[in-house]
Amino acid sequence: MDNRYAISTYPDAAAVTKQLDELIKLPIYSVSPEALKRYEEEYFDKKCAKSKVMIEEAKTVIPGGVQHNLAFNHPFPLVFTKAEGAYLYDIDGNRYYDFLQAGGPTVLGSNPKVVRDQVIELLNTCGPSTGLFHEFEYKLAKKVCDSVPNVEMFRMLNSGSEACMAAVRVARLATKNKNIIKMGGAYHGWSDQLAYGIRVPGSKFTQAHGVPLYIFKHTQEFFPNDLDDLERKLRMNQLRGGTAAVFIEPVGPESGTRPLDKDFNKGVERLCRKYGALLVFDEVVTGFRIGMAGAQGYFDVSPDLTVFGKVIAGGYPGAGGLGGKKEYMKYLAAGIQTGDKVHKALIGGTMAATPISCVAGYYTLEEIERTNACQKAGEMGDRITAGLQKLIKKHGLPFVAFNQGSICHLETVGTMHFSIDWSKLWKVPGVLKETSARKAEMEHMGAAYMAEGLVTLAGSRLYTSAAYTPEMIDDALTRFDRVFDTVTVKR
């Protein structure tokens, strides 16, 4: 088992939290209106004209003009036509540093040739999908099980959302319990029952438009880094159907935007064992990015089920899966009689585990391990975070920069550091209004970064890959420096 990890030094979660607490007490600092207008007129209108025209046309057939949330940015989404290594290229020919990394999966960098060649060979022989078993289904599953310490069996699915849905069903069948507890602010896909308490801890159902409230009868959230709160929920559930599973993003909600204490996962594991709940690690981002053994290897924790996404298909479609211990994975047996007299979870997915996704996933994981890509990406994460911290100090800004290896955070307004206390109902509208205002400024900062050739996730998160070099990171920092030079107090 490969025990090399991307995290050289785990962040002091208490110190970061204190900085973020102070940030949200302050007025909003963001790119000045004059600078934003200049970026809009001189960059987006003049240098991104083809994107602007295409998005306007796309709005006539696509709601909002884009197919997924990551693609939206102020003042209009750009159209990207090429991805290579650490770079992205738009339809107008502009080049950007890619810190979005497709939301996290491209640890090797975008479109690596070693994987692409294998995919092309597959397409020339088998084609992308047959609906039948392919040898790389076994090879990928074996690679995952050999790499991740608590994954004895693996079932490929189409997305992280599907894998989370499967985990819920397996947990309820295995434990005969009803309730699911998730960490407040964490995102475990967009299925009805898990669209609860997302983005902002304590938000409950407020972000789940279109979902009937009764769906959340057996879903609860607990506050990040608060074992006492989790235990209260677990104890209470003993009187109302028990707890089937506790879901957690192991570095903290929203990929560690609100970082967890390093020993917190062990505390959660202890409570799960005490109350008979399965521990579900959502490693959609951390799996094969923190290290080949995942966050569970780094934190030395033994989850019962592990959710994968994104990287499991190497950035190709069909990017999701659920792994875990055999005693629980038997509830996912597909079509074959295992001898276990148990009800099988209702799990579908005609396009799950296609040859193209399994070939891409297998060769991606092989290459990540062979080249020590996780550690290399983590070193670049350390470099850009240290550089951002120096720039923040240089410009006298209240921004907060920290990282968990190659998962890097640049918090300028602290939108997701807010929380909702329902015992103080009169404050809830104020929190929602404040987070909306700060989200708008995140988009403005993101637009400024984009105009400087920096693609980020929502203007507040950056992923580094093994395709980056120190020289690239240093060049990117000069671009962040130019944006920070335009920042003023907005209110």
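Predicted model: local features only at pLDDT ≥ 70, side-chain atom pairs only at ≥ 80, totals over all residues.

Me: Start with helix 2 and helix 14. At what angle do they pack, and how far apart are their axes?
Reply: Helix 2 (residues 33-47) packs against helix 14 (residues 428-451) at an angle of about 40°. The axes are 10 Å apart. Helix 2 and helix 14 are therefore oblique to each other.

Me: Which hand does the crossing of helix 2 and helix 14 have, left or right?
Reply: The crossing of helix 2 and helix 14 is left-handed.

Me: And which residues make that contact?
Reply: Helix 2 contributes Leu36, Tyr39, Tyr43 and Phe44. From helix 14 come His444, Ala447, Ala448, Met450 and Ala451. By class, the contact of helix 2 with helix 14 has 8 nonpolar residues, 1 polar residue and no charged ones.

Me: Now helix 4 and helix 12. How do their axes cross?
Reply: The axes of helix 4 (residues 113-125) and helix 12 (residues 355-371) cross at roughly 155° and come within 9 Å. Helix 4 is therefore roughly antiparallel to helix 12. The crossing of helix 4 with helix 12 is right-handed.

Me: What are the contact residues of helix 4 and helix 12?
Reply: On helix 4 they are Val114, Val115, Gln118, Val119, Leu122 and Leu123. On helix 12 they are Pro355, Ile356, Val359, Ala360, Tyr363, Thr364 and Glu367. The contact of helix 4 with helix 12 divides into 10 nonpolar, 2 polar and 1 charged.

Me: One more pair: helix 13 and helix 15. What is the angle there?
Reply: Helix 13 (residues 373-395) and helix 15 (residues 470-484) pack at about 25°, with their axes 10 Å apart. Helix 13 is therefore roughly parallel to helix 15. Their crossing is right-handed.

Me: Which residues are involved between helix 13 and helix 15?
Reply: Helix 13 supplies Met380, Arg383, Ile384, Gly387, Leu388, Leu391, Ile392, Lys394 and His395. Helix 15 supplies Pro470, Ile473, Asp474, Leu477, Phe480, Asp481 and Phe484. By class, the contact of helix 13 with helix 15 comprises 10 nonpolar, 2 polar and 4 charged residues.

Me: Let us turn to the cores. Which residues touch the most other members of the largest nonpolar core?
Reply: They are Leu410 and Phe484, in a core of 100 residues. Phe484 is also among the residues of helix 15 in contact with helix 13.

Me: What is Leu410 in contact with, leaving aside its neighbours within four places in sequence?
Reply: Leu410 is in contact with Leu388, Ile392, Phe399, Val400, Ala401, Tyr449, Gly459, Ser460, Leu462, Phe480 and Phe484.

Me: On to the backbone. Is the peptide bond from His74 to Pro75 cis or trans?
Reply: The bond from His74 to Pro75 is cis, with omega near 0°. Pro75 sits in the loop between helix 3 (49-58) and strand 2 (80-84).

Me: What is the phi of Gln101?
Reply: Phi of Gln101 is near 55°, a positive value in a residue other than glycine. Gln101 belongs to the loop between strand 4 (95-98) and helix 4.

Me: And Asp300, what is its phi?
Reply: Asp300 has phi near 55°, likewise positive in a residue other than glycine. Asp300 is placed in the loop between helix 10 (294-299) and strand 10 (305-309).

Me: Gln101 first, then: buried or exposed?
Reply: Gln101 counts as buried because its relative accessibility is 0%. Asp300 counts as exposed, at 56% relative accessibility.

Me: Where is Gly297 found, and how far is Gly297 from Met450 in space?
Reply: Gly297 is found in helix 10. Gly297 and Met450 are 35 Å apart in space, C-alpha to C-alpha, and 153 residues apart in sequence. Leaving aside its neighbours within four places in sequence, Gly297 is in contact with Tyr5 and Pro149.

Me: Last one: where does Arg270 lie?
Reply: Arg270 lies in helix 9 (residues 264-275). At 47% relative accessibility, Arg270 counts as partly exposed. The C-alpha atoms of Arg270 and Ala333 are separated by 29 Å, and the two residues are 63 residues apart along the chain.

Conventions. Residues numbered from 1 in each chain as written. Heavy atoms only, no water. Axes fitted to C-alpha atoms, helices over the stretch in contact; angles between N-to-C directions. Helix = DSSP H or I, 4+ residues; strand = E, 2+ residues; numbered from the N terminus. Parallel < 35°, antiparallel > 145°, perpendicular 65-115°, else oblique. Left-handed = near helix turned anticlockwise from the far one by under 90°. Contact = heavy atoms within 4.5 Å. Nonpolar A, V, L, I, M, F, W, Y, C, P; charged D, E, K, R; others polar. Core = buried A, V, L, I, M, F, W, Y, C linked by side-chain atoms within 4.5 Å. Buried < 20%, exposed > 50% of the residue type's maximum accessible area, 1.4 Å probe, protein only.
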